[in-house]
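Trainee: I have a model on my screen and I want to learn how to read it. Where do we begin?

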Amino acid sequence: MARLLNTSHLALHSGIRLFTDRTTKIRIKEMDKTLLQHGFDMNLVEQTATPFYYYDMDILSETLQEIQRQTRGYPFTVHYALKANGNPHILKVIANHGLGADLVSGGEVKAAIEAGFDPKEMTFSGVGKTDWEIKLGLENNMGCFNVESIPELEIINQLAAEMGMKANIAFRVNPDIDAHTHKYITTGTADNKFGIGIEVLEQTVMHALALPNIHLRGLHFHIGSQITMMQPYAMLCDTINDLLDFYDERGIHFEMINVGGGLGIDYTEPDQHPIPDFDQYFGTFKRQLRLRPGQRLHFELGRAIVGGCGSLISRITFVKESRNKRFIILDAGMTDLIRPALYQAHHEVQNLTAEPGSPTKTYDVVGPVCESSDVFAQDRALPVSHRGDIVAIRSAGAYGESMASQYNMRQLPSCVFANDKYYKKSRI
Ligand code: LLP
């Protein structure tokens with residue numbers, strides 16, 4: 001007999017508060033930790049309508065505390081790159097830990113202000129800032145525009161003049177360093193659209209110094225994303241050291257250097273390494289970069305902050321066998337986590353409700369969207385799985401919810417926040 005999915009115990013009833021902003025969000029006030037599977041609160045998981053994003057707020061806080069520990073006593077400012085995850089609750093938690101914000105659109109500027117980030121610690125990047133976005137940044141007296149071209153510099157100068165103010169800027173320099181990551185997320189080579197080439201930097205700097213409504217604060221770099229080897233960062237430090245020597249000789253001092261983001265996470269062993277190796281990462285800059293007295297070093301981390309705390313939780317709609325393949329068809333699709341389809345990215349898949357010790361079979365794990373690329377995993381060994389089982393797609397905290405779409409007129413997933421101490425504290 002066909003198995004009907006049991007959704008009668010959805011969390012829309014007792015003890016759970018619902019509120020809506022971009023999507024329907026569900027927060028759980030008290031948690032029963034008795035039922036944990038792969039670290040998930042199974043009461044919470046089984047009560048919630050799938051698909052949804054499950055955020056483990058303990059992992060988020062521990063990640064933020066580790067960043068605080070690693071940067072304490074150094075002239076370092078870490079900005080959170082909102083593009084990785086703009087969920088309002090997550091933003092509030094990060095803002096509360098004192099991080100700055102790295103923004104790439106007017107929408108992100110508004111979200112960061114709403115979440116309580118300090119405008120003085122906001123950086124605004126992007127090759128194509130429109131006039132209203134620049135004005136919004138100026139109105140809020142934003143800490144720094146990361147400027148990517150001369151036309152952009154001139155428009156910022158003009159808009160700042162019209163508003164009777166000086167705009168704080170840094171030049172985004174393209175250091176021509178290959179970060180050896182996926183071609184869609186490499187940004188620091190000469191063929192990318194990003195940044196100003198080193199060969200024209202000096203004339204660009206001189207130009208900016210002559211503009212009346214520009215305050216040139218420093219230089220900005222970002223070489224790519226999901227970088228797990230420290231060597232590209234060490235090369236970046238060498239490039240910056242050379243540039244600082246060059247400008248010292250010309251009597252030009254920068255008050256800040258921004259090395260962007262890009263630190264990767266462990267997608268294959270999320271439980272062994274839920275928090276990235278910040279010691280190695282910050283250590284590379286502590287050892288290799290010769291900051292000048294009074295100079296501050298800025299970072300713009302996205303994935304490394306939120307990647308590990310999120311999972312996409314989904315229910316198996318059907319298990320289907322074809323001539324050559326065995327498919328697990330989920331109720332989550334590429335619309336909820338596009339990384340595997342777009343970058344062939346690996347995400348661990350776990351069956352949270354399989355019988356313990358059950359044998360494994362090889363499956364392709366796919367979504368319901370009408371695209372052949374709607375595949376989360378291929379030829380993956382998973383416990384024997386059935387319709388109705390609950391599956392976690394791990395490491396979905398970064399670029400999951402923020403890249404979600406409604407293609408096929410699908411509903412956006414809801415969110416749950418497990419271990420939400422901050423929320424509980426803020427309610428007392
Ligand atoms: N700063 C700038 C100027 C950036 O362009 C980015 C990311 C970041 C900081 C933050 O990078 P993160 O620390 O998160 O690596 N959707 C892709 C990633 C695109 C990253 C774009 N820029 C993915 O899912 O892998």
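Mentor: Begin with what a contact is. Two residues are in contact if their C-beta atoms, placed from the backbone, lie within 7 Å. Keep in mind that this is a predicted model.

Trainee: Which residues of H3 and H4 meet under that rule?

Mentor: On the H3 side they are Pro88, Leu91, Lys92 and Ala95. Their partners in H4 are Ala111, Ala112, Glu114 and Ala115. By class, this contact has six nonpolar residues, two charged and no polar.

Trainee: How do I describe the packing itself?

Mentor: Two packed helices are described by the angle between their axes and the distance between the axes. Now take helix H3 (residues 88-96) and helix H4 (residues 106-115). Their axes are 9 Å apart, and the angle is about 60 degrees. That makes H3 oblique to H4. The crossing of H3 past H4 is right-handed.

Trainee: What are the angle and the axis distance for helix H5 and helix H6?

Mentor: Helix H5 covers residues 131-139 and helix H6 covers residues 150-162. They pack at about 55 degrees, with the axes 10 Å apart. H5 and H6 are therefore oblique to each other. Their crossing is right-handed.

Trainee: Which residues of H5 and H6 meet?

Mentor: H5 brings Asp131, Ile134, Lys135 and Leu138. H6 brings Ile155, Ile156, Leu159 and Ala160. The residues of this contact divide into six nonpolar, two charged and no polar.

Trainee: At what angle do the axes of helix H8 and helix H9 cross?

Mentor: Roughly 25 degrees, for H8 at residues 231-249 and H9 at residues 278-288. The axes come within 10 Å. Angles under 35 degrees count as roughly parallel. So H8 is roughly parallel to H9. This crossing is right-handed. Tyr233, Ala234 and Cys237 of H8 make the contact with Thr284, Phe285 and Gln288 of H9. Four of these contact residues are nonpolar, two are polar and none is charged.

Trainee: Let us turn to the ligand. Which residues come nearest to the ligand?

Mentor: Look for Ala81, Ser225, Gly261, Gly302 and Tyr399. They belong to a shell of 23 residues around the ligand. Sort that shell by class and you get nine nonpolar, nine polar and five charged residues.

Trainee: Where in the fold do the shell residues come from?

Mentor: Check the domains, then the elements. Domain 1 (2-56 + 308-426) and domain 2 (57-305) each give at least three residues to the shell. Strand E14 (296-301), helix H10 (303-306) and helix H11 (339-343) each supply at least two.

Trainee: What about the backbone? Which residues does the cis peptide bond join?

Mentor: Omega is the angle to read. The cis bond joins Thr50 and Pro51, with omega about -5 degrees. Pro51 sits in the loop between helix H1 (42-47) and strand E5 (52-56).

Trainee: And phi? Where is Ser395 placed?

Mentor: Ser395 lies in the loop between strand E20 (390-393) and strand E21 (414-418). Its phi is positive, about 55 degrees, although Ser395 is not a glycine.

Methods: Residues are numbered from 1 along each chain as its sequence is written. This is a predicted model: local features need pLDDT of at least 70, side-chain atom pairs count only at pLDDT 80 or more; totals for chains, interfaces and linings use all residues. A residue is near a molecule or strand if its C-beta atom, placed from the backbone, lies within 6 Å of it. Helices (H or I, at least four residues) and strands (E, at least two) are DSSP runs, numbered from the N terminus. Ala, Val, Leu, Ile, Met, Phe, Trp, Tyr, Cys and Pro count as nonpolar, Asp, Glu, Lys and Arg as charged, and the others, Gly among them, as polar. Domain bounds come from an automatic or database domain assignment. Axes are lines fitted to C-alpha atoms, for helices over the stretch in contact, and angles run from 0 to 180 degrees between N-to-C directions. Angles under 35 degrees count as roughly parallel, over 145 as roughly antiparallel, 65 to 115 as roughly perpendicular and the rest as oblique. A crossing is left-handed if the near helix is turned anticlockwise from the far one by less than a right angle, and right-handed if clockwise.
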